[in-house]
Number of protein chains: 4
Amino acid sequence: MDYKHEKLFEEKVFKDPVHRYIHVRDKVIWDVIGTREFQRLRRIRQLGTTYLVFHGAEHSRFQHSLGVYEIVRRIIDDGFSGRTEWNDEERLLTLCAALLHDLGHGPFSHAFEKVFTLDHEKFTQEILTGDTEVNEVLRRVSPDFPEKIADVIGKTYPDKLVVSLISSQIDADRMDYLQRDAYYTGVSYGHFDMERILRVMRPAEEQVVIKFSGMHAVEDYIMSRYQMYWQVYFHPVSRSAEVILMKILHRARHLHTSGYRFQHDPIPFKSFFERTIELEDYISLDESVLLTYFQWWRNEKDEILSDLCDRFLNRRLFQYAEFDPATEYRKIGELESLFKEAGIDPEYYLVTDSSSDLPYDFYRPGEENERVPIYLQTPNGELRELSRSSEIVDAISGKRRTDHKIYFPEDRLAANRDDNPLYDKILRMLKG
Amino acid sequence: MDYKHEKLFEEKVFKDPVHRYIHVRDKVIWDVIGTREFQRLRRIRQLGTTYLVFHGAEHSRFQHSLGVYEIVRRIIDDGFSGRTEWNDEERLLTLCAALLHDLGHGPFSHAFEKVFTLDHEKFTQEILTGDTEVNEVLRRVSPDFPEKIADVIGKTYPDKLVVSLISSQIDADRMDYLQRDAYYTGVSYGHFDMERILRVMRPAEEQVVIKFSGMHAVEDYIMSRYQMYWQVYFHPVSRSAEVILMKILHRARHLHTSGYRFQHDPIPFKSFFERTIELEDYISLDESVLLTYFQWWRNEKDEILSDLCDRFLNRRLFQYAEFDPATEYRKIGELESLFKEAGIDPEYYLVTDSSSDLPYDFYRPGEENERVPIYLQTPNGELRELSRSSEIVDAISGKRRTDHKIYFPEDRLAANRDDNPLYDKILRMLKG
Amino acid sequence: MDYKHEKLFEEKVFKDPVHRYIHVRDKVIWDVIGTREFQRLRRIRQLGTTYLVFHGAEHSRFQHSLGVYEIVRRIIDDGFSGRTEWNDEERLLTLCAALLHDLGHGPFSHAFEKVFTLDHEKFTQEILTGDTEVNEVLRRVSPDFPEKIADVIGKTYPDKLVVSLISSQIDADRMDYLQRDAYYTGVSYGHFDMERILRVMRPAEEQVVIKFSGMHAVEDYIMSRYQMYWQVYFHPVSRSAEVILMKILHRARHLHTSGYRFQHDPIPFKSFFERTIELEDYISLDESVLLTYFQWWRNEKDEILSDLCDRFLNRRLFQYAEFDPATEYRKIGELESLFKEAGIDPEYYLVTDSSSDLPYDFYRPGEENERVPIYLQTPNGELRELSRSSEIVDAISGKRRTDHKIYFPEDRLAANRDDNPLYDKILRMLKG
Amino acid sequence: MDYKHEKLFEEKVFKDPVHRYIHVRDKVIWDVIGTREFQRLRRIRQLGTTYLVFHGAEHSRFQHSLGVYEIVRRIIDDGFSGRTEWNDEERLLTLCAALLHDLGHGPFSHAFEKVFTLDHEKFTQEILTGDTEVNEVLRRVSPDFPEKIADVIGKTYPDKLVVSLISSQIDADRMDYLQRDAYYTGVSYGHFDMERILRVMRPAEEQVVIKFSGMHAVEDYIMSRYQMYWQVYFHPVSRSAEVILMKILHRARHLHTSGYRFQHDPIPFKSFFERTIELEDYISLDESVLLTYFQWWRNEKDEILSDLCDRFLNRRLFQYAEFDPATEYRKIGELESLFKEAGIDPEYYLVTDSSSDLPYDFYRPGEENERVPIYLQTPNGELRELSRSSEIVDAISGKRRTDHKIYFPEDRLAANRDDNPLYDKILRMLKG
């Protein structure tokens, strides 16, 4: 039988806390899950450093990827009302794109990407199309199948409806992660009625739209997203850990560049430090490797690297204070001088960080990063942009909210405050 | 103020999916949680290789330890009916023992311990009493405080009531892990009414007993344990991963002993291979380190080591068949010969494994590992052993159930079955 | 279009706390739900007097009936592995039987039936085949359709597989009520993995069998049933309310028969008192009517009727003591004499009640009420009776457990104990 | 011992699906629960006619009242941070007010009150202070205790902090009903983190305020309330049932007033029809009595009464259409004429209904029904009104949203549409 039509002898199921069961019938899907590149996602946490605040959040991108696949599978197989029959290859394409959309994520994704100016989407495409096990599986469907999947994930695939299932303002990705992250952190946000949303999704030409009667379910989903962002994803303590992580990588690169001799040669990092990354270097790097080196670096002679690694591993994080970049930029300058004067390198120990989110956006053509809005379909077939019907969504749509914090080692300053008037001065400036 | 009476300025809470919140008021508890040895538990999974079957089971011993603490804290602080006042130090002792009972677990505990014949309880005691951060915190309470905690965990502490809260057939440890493991795997077993059990626990001289009217809640707990053992903990696929893990460690030790030159020097393992383990070696080893080396060993020239590491990392596990050691020992011998003949080393590729559990045991004095049974307290104050009142518990008590499996690389044999009549013969013998 | 093939223009859904949503596409099902006889089930509680102990248990037979329908619908429509296509009419027949299996239940079913020696299954059949709205709907499918449904419910329908979905030791009825009653009472028993059970159900010739690998899920279901029986259904306080309810009806009948003049003429009860019940009398009687009359009877001059009604409405129930009918029958006789001597009619105020359950039964041909056992299907297709494979089920199977209680108004006796030595004597005898 | 200090020998617990357990230690609370007036709440549904849409919503005011009590008990007994010791009598007063705040609700409260222009709060006060069982219990605490409770419920009690626990924009009443109604209907709205809210509540002089860091939990609670109102409480189908219920009572009163002879004398209603209601009449009337009479009235000769009762009992509700009172008042007049012409009495069969809610209100002094807003307490102790900090709450605060519907018997009109051009005309006007 044709590979793309091949079914497993008996359906396989994965027990999943969020969707109860994840069902696999297609041989291709089963084979993709078994590849080395997909299994690697088990060693990359879904929420990066968040587990240092919400200890339950130790779940990996592996299970999230299966979850996104399952949602898309249900949309397709349980009958997407109104959509004419799915072509078999397009169905498989959509399922694979769902399963593989996060394939290129690196360890502690955002922090890692920032430090080395990488782009996980680019790596997703490279892994799909490069000399990899997953590419080998996908090519058996058809020679251009890997590229097509890359196109769906990169949003350049011509059928925008398929794209919008995987990535839009109400897509399977978000629906899985909101529920999954809520489950593992244990917070009460993150609940919305996905069953209902699946029932009111309708295919329109260019995207998925929502039956008007489902508006409140979508409102609930948007609010859920809003709460998760501010309560979980942007939690200031998890950002503190991220700040430290970035500074560790900065410091290690700096040491490497300046010829420092590490006790353990940082082999897996060299190509990153030197910007000569090969695909295999990237695939081999996971969070285990980082944590292993952090343990080793904790014993390095370089005090900054050693201290930062101890802080990260043993959760001795930086404390934080609010600050307003518009009015307090001078204060930062002043603090930097004081830090230097006190013998604490501000480059590593006085760090500003901003988080910012646009919970929902309507369409502003011409602007960068324009986002396709969510449309409601009225009983007479007309489409209406969500925020025009929902006053709650209207209240938060298009409004970027930003939170600025400054991070610093309060513990160290406070411990020596009495002996050192400079420390005391710094603390008083920072804590107001 | 005396350290042992010191309270945090404001109660700290951890969000926890199982107990909703975990509450910390005592400064000592907060400080213990902040030690390097306790934070290390974040890098050791609660269920070892189980995540390769139940992908949700990625949770660490860190959160389980907090959970056990919280249960004991509730028992003590919410008023253990009938117990006369807790002495402050004894209360703190019990809380610390709850929090620290798993401190000495190594990476992939059971497999690792078996290969290197180690005992995690011994390491718990060493970490508590050795030159460690946690010892430093505990000694501030009183000089013999660390030893006392070690005694509670080692069950040699004189007050058996305290011991039984942490370790008995119905203790805080089991109550936490059954619920927690059920939550993270997503299985429907593992539910029982802990709230009710906490309400019907009564202190007797030597142990915790259960008010008679709570019998059914305890039955439910025992059944829950029974189901979790056979459905989750002894799942044959997770045992397959454990088998491979042990064989990796065997092989690496064998290579090291026989003078093989590794591409990456296995520094963190040397003292284990050579039986010269220092406490620091043990504390530094966590699952990240193992996974990092497995990635490196996957590229070693030694084919066995390389193959086994690939199998573990990429979930290409051994298949299994049932076998009965009583009647089939000859068959094993025969299979071993066939494997050798086929050029597959049976030491690594034909592995028998047995799991065995005693879901509940009544008291059999004089026998090794005698376990204190659960007693029900009738309205007139009399104690009656649980299995005498509960027919369900009676049905399974004292009955050791054992499951024997033989593991082997069916994939490899099947792939070459047609070309190699020996492979075919082996497969037919194994699969019946 | 043929009525039996007619589909609703748009699928209707009912929001259900247990199954999330209940789906209806068939016009026949929709019409059946809309009949007066089915809507009447809203006014009959699923668990009779249990709400007086578990205040959440106020749910009606209406929602349970929908739940059973939904389970059967899923079994049929989601593809019952292995079953050759369902004939359309047989599918509808099975769905209707699921929906209507409790149609003939009267108010506070068991108590009511006992007092008037009625049989709700007989009434289910009469309502299906009599001059009713539901009959009118069903006849439109085919003239013998109502009779066929009655046959399925009465277990005389030739296709035993269809019968076993609705009524066997592992049927949709039990699967719904265990989960639903657990949900509404709030107890932690009653959970089992129905999703898994639905996946391992296989059609055999005469009944549904279970794939061997699903054994533990079935064990869990059996244990769940066992716990629900003893923790919820046979709760002694709810039985106390049932005892009082029966005595109210006894007393009212007795008064009617002996020519007592009620202040409110007990019109709806007359045909029950006089054994001249018409179908319409039965259909009109629901729990509202009983509760209304109980309020009125609470003001009747007859002290016994008035007192019992006050007790029922205001939850002033009888207390209870254990007793052993085998050895204590003399004591009962003695107590009856003492009650009479004390001026308390033992017929109404000294009541023995026994509850008894057979949690699971294997096949004992020839015995009355023989129950079809649950069979497991081994990988090679052989059928094995459940208790031969499961030691837990074996432990409780075939063992009838009985609980005997004696109910009496302790409040009344205790209030006058000091003034009345007889009361004191009675209390001492009863409370041991 | 003093009655108000009297404790039960052993704490009593009620199993509750929402709060797990409800705990009672105080003898007074236990006695209040046992009174006839409190037990009567078992026969009044929490959500009136909502069970005709959400079939799970069959729960009574009895359980809601216990739930509100439990929340307040936890606030008081688990230590309301910052509140100086509670005086014993004030504690009991607050608990009783929580338990009894809904005591005066009649059957199908809102509909019933509207028809007979009654006020359930007035009845709550009358029951508390009148010749009732509950008054007898409360007076034993102190002679003015019943009046004080009435004052708390009526918001005239001097200690506004006590009042605000029972009734404010974030009170125990709302926190219980949102969660409880969500649980029983099965909707996914209604979840918020009550545990967190309880932890961030702080007593201020005049009311409960919220620690600033708890803002997002309060936002979630407000959104939950918003969604429950529009998704559940104002569901148009449940309003249809309410419309019919009101029309039944209107018709019955009209018939009684105009001398119609009922087959069953409507004794329990007479004093309501004639406005001569005694307290006992009110207490005796519950939903069972209404449903009993509706069954009888279904067989009355008066066609309107009979039809409306059949519609209510058997869920043959009116259909509805949107309408805008501002612009379509003429259309209503026209429709009324057409209805009359068609021989359908518009007074009973063409009914407009409006639902309106103010999800959260800030303070507008001087306006009627001014509502005390929710205040956040910043770290420096300052109070800030919620909507000034939360953009989501700001979006919906102070904005009254209203929904207008017109209800009519589409079934009847449609059934005869082809024969009757008037019916057709009416339908076309109504359905647009």
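How many salt bridges are there between domain 1 of chain A and domain 2 of chain A? The count is 3, a salt bridge being a side-chain nitrogen of Lys or Arg within 4 Å of a carboxyl oxygen of Asp or Glu. One salt bridge joins the side chains of Glu280(A) and Arg36(A), at 2.8 Å from N to O.

The model is predicted: local features need pLDDT of at least 70, side-chain atom pairs count only at pLDDT 80 or more, and totals for chains, interfaces and linings use all residues. Residues are numbered from 1 along each chain as its sequence is written, chains are lettered from A and ligands numbered from 1 in the order in which they are written, and side-chain values use heavy atoms, with hydrogens and water left out.

Domain 1 of chain A spans 3-233, and domain 2 comprises 236-355 + 404-431; these bounds come from an automatic or database domain assignment. Their C-alpha centres are 33 Å apart. In contact (heavy atoms within 4.5 Å) are 31 residues of domain 1 of chain A and 28 residues of domain 2 of chain A. The two domains bury about 2800 Å² between them, 66% of it on carbon and sulfur atoms. Buried area is the accessible area (1.4 Å probe) that two parts lose on being put together, summed over both. Of the area that domain 1 of chain A buries against domain 2 of chain A, 22% comes from Leu52(A), Val115(A) and Phe116(A), more than from any other three residues.

The contact between chain B and chain A takes 45 residues of chain B and 45 residues of chain A. About 3800 Å² is buried between these chains, with 47% given by carbon and sulfur atoms. The count of salt bridges between chain B and chain A is 2. Arg316(B) forms a salt bridge with Glu133(A), with the closest N and O atoms 2.4 Å apart.

Chain A superposes on chain C by a rotation of 180° with 0.0 Å of shift along its axis (RMSD 0.0 Å). That is the relation of a two-fold axis. The C-alpha of Asp78(A) is the nearest to the axis in chain A, at 5.0 Å. Both copies use the same surface: 100% of the contact residues of chain A recur in chain C. The superposition is by least squares on the C-alpha atoms of residues with pLDDT of at least 70 in both copies.
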